[in-house]
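Here are my notes on this one, jotted down as I went through it. Have the viewer open while you read.

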Protein chains: 2
Amino acid sequence: MARHSILDRLNDTLRKETLEKARVMQFPPGQILFSAGQHCHGLPLVIGGRVKVQMTGVSGHSIVLYRMEADDICTLSIGCLMTGRAYRAEAVVEEGAEALMIPRGVFDRLMDQSAGFRLGIMESYGRRLDDLMLLVEEVAFRRMDKRLEEWLLSRAARGPVVITHQALAVELGTAREVVSRLLKELERRDMVKLSRGRIEVTGLLR
Amino acid sequence: MARHSILDRLNDTLRKETLEKARVMQFPPGQILFSAGQHCHGLPLVIGGRVKVQMTGVSGHSIVLYRMEADDICTLSIGCLMTGRAYRAEAVVEEGAEALMIPRGVFDRLMDQSAGFRLGIMESYGRRLDDLMLLVEEVAFRRMDKRLEEWLLSRAARGPVVITHQALAVELGTAREVVSRLLKELERRDMVKLSRGRIEVTGLLR
DNA sequence: AAGTCGAATGTGACTTTATCACTGAAGTGG
DNA sequence: CCACTTCAGTGATAAAGTCACATTCGACTT
């Protein structure tokens with residue numbers, strides 16, 4: 001069990017009850033937690049690993065909306081659980097994840113009886129809202145070349161970035177060709193070295 | 001006081017206490033409820049009217065994120081209140097609005113003691129998340145001409161749409177020139193009639 | 001070691017959208 | 001009626017998206 005979990009905010013009784021009624025599940029990388037059109041079967045509280053949430057437009061293009069990490073509750077699932085609507089997005093495990101699947105009854109009870117849990121949930125919601133607002137601004141107003149450079153820099157700290165142009169296009173919500181061309185241009189300017197499925201950042205400065 | 005308010009979900013004691021400690025405020029059209037950089041001074045629960053929430057990028061361009069109507073709580077304010085961060089967006093009254101300004105203490109108490117209130121809050125959050133996800137998809141993948149036509153159709157039911165090209169550009173998150181050109185093209189195709197600050201939809205079909 | 005095949009990448013041609021720098025037209029208040 | 005501000009129109013150019021196809025890489029087979 002992870003440290004600093006939102007579950008630590010529960011008192012012993014509630015925590016015990018929760019751990020009894022909720023299942024801890026392991027998800028290998030690549031596993032789909034849920035996909036668009038599906039209905040919600042329980043509330044995932046991410047304990048470890050990383051899960052990306054992405055959505056696909058009618059055009060068939062996808063974009064990564066945000067990521068969930070330790071201590072994040074899946075706010076999308078809350079919405080779907082409450083209203084009975086289907087998911088609009090898809091959640092894919094990136095780094096082998098561990099999550100606690102909380103049944104609705106237990107969630108309601110925790111919301112009712114633990115101020116700490118409530119606060120955790122509200123914080124999670126706040127982060128999501130913030131992430132999405134920032135994303136709207138990015139997509140609507142910022143230039144793709146700058147966004148690409150920024151994305152690369154944010155991942156380049158520990159060695160070469162292992163990702164295909166297609167996947168990178170989904171990260172940025174653009175087309176693969178656009179990414180390929182921008183990367184080629186960066187390579188011409190000696191800012192990156194490209195090889196199949198791999199980008200080495202050599203000369204990008206923040 | 002509006003019917004079907006989230007306040008109806010409170011029991012008499014809580015409602016009475018809330019109405020004592022929270023102020024009902026009136027806001028005329030055009031009034032700024034809060035703007036980017038400001039800090040939160042209480043939680044607006046919209047009772048009537050309409051408030052649009054928009055954000056401005058570093059480029060200086062703005063985009064409308066979503067609208068709040070009766071029974072919506074300002075989820076952005078919850079986030080700012082909880083974390084102490086400043087607002088990232090701006091809220092502008094469109095139709096003269098009435099809102100209940102709830103102090104933090106009262107909000108916490110309502111969340112603690114009323115399951116109905118909690119549900120209302122979660123629903124509000126769910127709507128916001130949904131709105132923003134849809135918006136991301138729109139902005140990232142849909143064509144501007146289609147989005148413009150759709151926007152016009154959604155407003156054209158009751159007579160001509162009174163809006164400037166600039167304001168319409170903010171609705172769609174694009175530049176004024178783009179809106180002007182697309183509208184001119186629609187006019188050439190006899191789908192709209194244009195005059196200063198006014199667009200009459202004549203031949204657009206869904 | 002050579003051949004095969006699918007995934008990944010490269011690229012030209014063209015369209016759509018964004019940006020910049022203006023011009024002109026329409027209302028508004030003196 | 002005139003000055004002024006706000007709103008709208010437009011050409012030139014750059015950035016980004018789309019479509020269609022060519023090429024290359026690497027893993028796996030034989």
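1. First, the contact with the backbone of DNA strand C. Keep in mind that this is a predicted model. A polar backbone atom of His165(A) sits 2.7 Å from a phosphate oxygen of DNA strand C.

2. On chain A, an N or O atom in the side chain of Arg181(A) is 3.1 Å from a base oxygen of DNA strand C. Helix H7 (176-188) of chain A, plus helices H5 (144-155) and H7 (176-188) of chain B, each give two or more residues to the surface near DNA strand C. H7(A) gives the most, with 4 residues.

3. Stepping back, 17 residues surround DNA strand C, and the closest include Gly197(A), Met144(B) and Thr174(B).

4. Now for the domains. Chain A splits into domain 1 (6-140) and domain 2 (142-201), with C-alpha centres 29 Å apart. Between them they bury about 830 Å², 41% of it on carbon and sulfur atoms. On the domain 1 side, Ser62(A), Arg67(A) and Glu138(A) lose the most area, together 50% of what that side buries.

5. Which residue does Glu138(A) form a salt bridge with? The partner is Arg147(A), with the closest N and O atoms 2.9 Å apart. Across this domain interface of chain A there are 3 salt bridges and 4 residue pairs in polar contact.

Methods:
Residues are numbered from 1 along each chain as its sequence is written. Chains are lettered from A and ligands numbered from 1 in the order in which they are written. This is a predicted model: local features need pLDDT of at least 70, side-chain atom pairs count only at pLDDT 80 or more; totals for chains, interfaces and linings use all residues. Side-chain values use heavy atoms; hydrogens and water are left out. A residue is near a molecule or strand if one of its heavy atoms lies within 4 Å of it. A polar contact is a pair of N or O atoms within 3.5 Å; within protein, one must be able to donate a hydrogen and the other to accept it, and residues adjacent in sequence count only if both atoms are side-chain atoms. Domain bounds come from an automatic or database domain assignment. Buried area is the accessible area (1.4 Å probe) that two parts lose on being put together, summed over both. A salt bridge is a side-chain nitrogen of Lys or Arg within 4 Å of a carboxyl oxygen of Asp or Glu.
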